[in-house]
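Please look through this structure with the notes below at hand. They go from the whole chain down to single residues.

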Amino acid sequence: MKKLFAVLLVLAVAFTAFAQGATEAAPKAADQVAIAMVTDYGDITDQSFNQTTYEACKAFAAANSLKFNYFKPAGDNTADRVAMIEKAIGEGYNVIVMPGYAFAGAIAETAPQYKDVKFVGLDVSEYDLCIDAGLQDLSNVYCIVYQEEIAGYLAGYATVKLGYTKLGFCGGMAVPAVIRYGYGFVQGADAAAAELGVAADIQYAYANQFFGDADITAAMDAMYANGAQAVFACGGGVFTSVCEAAAKVGGKALGVDVDQKPILDGMYGYNVTVTSAMKGLYASTTATLQKILDGQWNTIVGKIDNLGLASATDVDANYVGIPTGAGTEWSSSFTLEDYKAVVAKIFNGQIVIDSDSSSAEPKASTLKINYIGNIK
């Protein structure tokens with residue numbers, strides 16, 4: 001009996017030691033996380049979507065001593081994106097972060113082949129991935145989309161409240177995210193004009209590309225010459241054409257995706273920025289990577305989360321909005337407290353924003369819209 005007790009005691013001690021070892025080993029498994037970020041058709045210096053995602057991944061990897069690198073496709077097509085994803089996997093990266101709807105096809109092609117790899121798509125919708133690209137198995141995929149219409153609404157509302165009633169919109173291409181930004185912008189400007197009882201109008205166009213050039217600049221010259229006071233540059237590098245035209249006449253512009261004031265003001269030498277319609281790219285990328293590192297991938301995998309407002313009171317905790325610091329041109333006509341009040345109304349359902357992206361042409365009740373369509 002004593003021998004049996006001794007054997008059981010030894011086994012119990014051994015099991016306890018094993019269990020403790022397993023618990024301690026769990027975080028070490030996360031040390032094997034290796035993060036690769038693949039750019040879409042831009043670069044990590046695009047001062048927008050790619051750059052913010054790159055900076056978030058790089059900072060997270062550095063803070064947690066993880067392997068990290070970025071990969072830039074040779075061209076703007078699915079085959080080249082697939083090539084870079086496979087190159088990253090071949091070099092040992094097992095978390096692939098990809099910003100932009102253009103990755104839907106590449107994810108659909110590679111995710112089923114590399115089941116041990118975690119695929120994270122930013123701004124990749126269910127339509128992009130499951131309907132357009134035809135991927136049904138999301139067992140190693142997690143995607144995030146953002147409620148751009150809210151960010152656009154807040155930017156448009158603020159712009160009119162700040163006194164700008166002659167507006168412009170230059171979208172990149174008429175893809176769902178850009179359409180939602182623009183339609184939200186119109187709805188916010190429309191609401192503010194109605195509240196103030198003022199006449200307001202907007203010239204509304206798409207560059208039909210995500211970069212500026214001489215043709216787009218000429219169209220923006222015409223937009224400002226036709227009375228635009230502030231133009232929403234909504235589409236990656238199209239801000240260069242918007243701001244070049246603005247600078248000629250001392251006009252104003254709005255940024256997109258991130259707080260672009262340091263970039264726009266810095267490049268054009270004066271206070272050109274009214275505000276920016278922002279997505280929480282940095283915050284959502286960091287939060288996702290933290291879940292992976294903490295072994296909580298199972299809580300998000302297979303989902304396509306639609307991120308918007310997370311708080312009625314802590315506006316900086318939200319995944320969409322406008323800058324709460326110097327990135328917005330605050331004044332007595334529109335203060336930070338005014339901004340918090342309108343955010344709370346949206347969060348609580350007192351203000352309902354239409355997220356329809358089925359038509360490139362927006363609609364409004366009070367705001368007069370001059371729809372130009374594609375410039376090129």
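The numbered points below cover confidence, overall build, sheet, helices, cores and one lysine.

1. **Ground rules.** This is a predicted model, in which local features need pLDDT of at least 70, side-chain atom pairs count only at pLDDT 80 or more, and totals for chains, interfaces and linings use all residues. Residues are numbered from 1 along each chain as its sequence is written, and side-chain values use heavy atoms, with hydrogens and water left out.

2. **Confidence.** pLDDT is the predictor's confidence in each residue, from 0 to 100. The protein has a mean pLDDT of 91, and 92% of its residues reach 70 or more. Residues 1–30 have pLDDT below 50. Beyond near neighbours in sequence, this stretch has 2 contacts in the model; contact means heavy atoms within 4.5 Å. Where pLDDT is low, the predicted coordinates should not be read in detail.

3. **Overall build.** The C-alpha trace spans about 95 × 45 × 40 Å along its principal axes. There are 12 helices and 13 strands. Both are DSSP runs numbered from the N terminus: helices are H or I with at least four residues, strands are E with at least two. Of the 376 residues, 52% count as buried. Buried means under 20% relative accessible area, exposed over 50%, partly exposed in between, with a 1.4 Å probe and protein chains only. Among contacts between residues at least 6 apart in sequence, 70% join residues at least 24 apart.

4. **The sheet.** In what order do the 6 strands of the open sheet run? The order is β2-β1-β3-β4-β5-β11, with parallel pairing. β2 (67–71) and β11 (304–307) stand at the edges with a single partner strand each, so one side of each has no neighbour in the sheet. The twist from one strand to the next averages 15°. Two strands pair if DSSP finds at least two bridges between them. β3 (residues 95–99) and β4 (residues 118–122) pair over 5 bridges. P99 has L122 in β4 as its bridge partner.

5. **Helix α2.** This helix (residues 49–63) lies across β1 (34–38), β2, β3 and β4, at about 170° to β1. Axes are lines fitted to C-alpha atoms, for helices over the stretch in contact, and angles run from 0 to 180 degrees between N-to-C directions. The 15 residues of α2 should span 21 Å at 1.5 Å a residue, and its end C-alpha atoms are 21 Å apart, which agrees. The expected span is 1.5 Å times one less than the number of residues. Its buried residues include F49, Y54 and F60. After α2 comes S65, with a positive phi near 55°.

6. **Helix α6.** Here 14 of 14 residues are buried. α6 (residues 148–161) reaches 20 Å from first C-alpha to last, close to the 20 Å expected. G163 follows, with a positive phi near 110°.

7. **Nonpolar cores.** A nonpolar core is a set of buried Ala, Val, Leu, Ile, Met, Phe, Trp, Tyr and Cys residues joined through side-chain atoms within 4.5 Å. The largest has 71 residues, and I35 and F232 have the most contacts inside it. Apart from it lies another core of 27 residues, among them V82, M98, I107 and L129.

8. **K279.** Is this lysine buried or exposed? K279 has 7% relative accessibility, so it counts as buried. K279 sits in strand β10 (residues 273–279). Beyond neighbours within four places in sequence, its contacts include F49, D123, E148 and D257.
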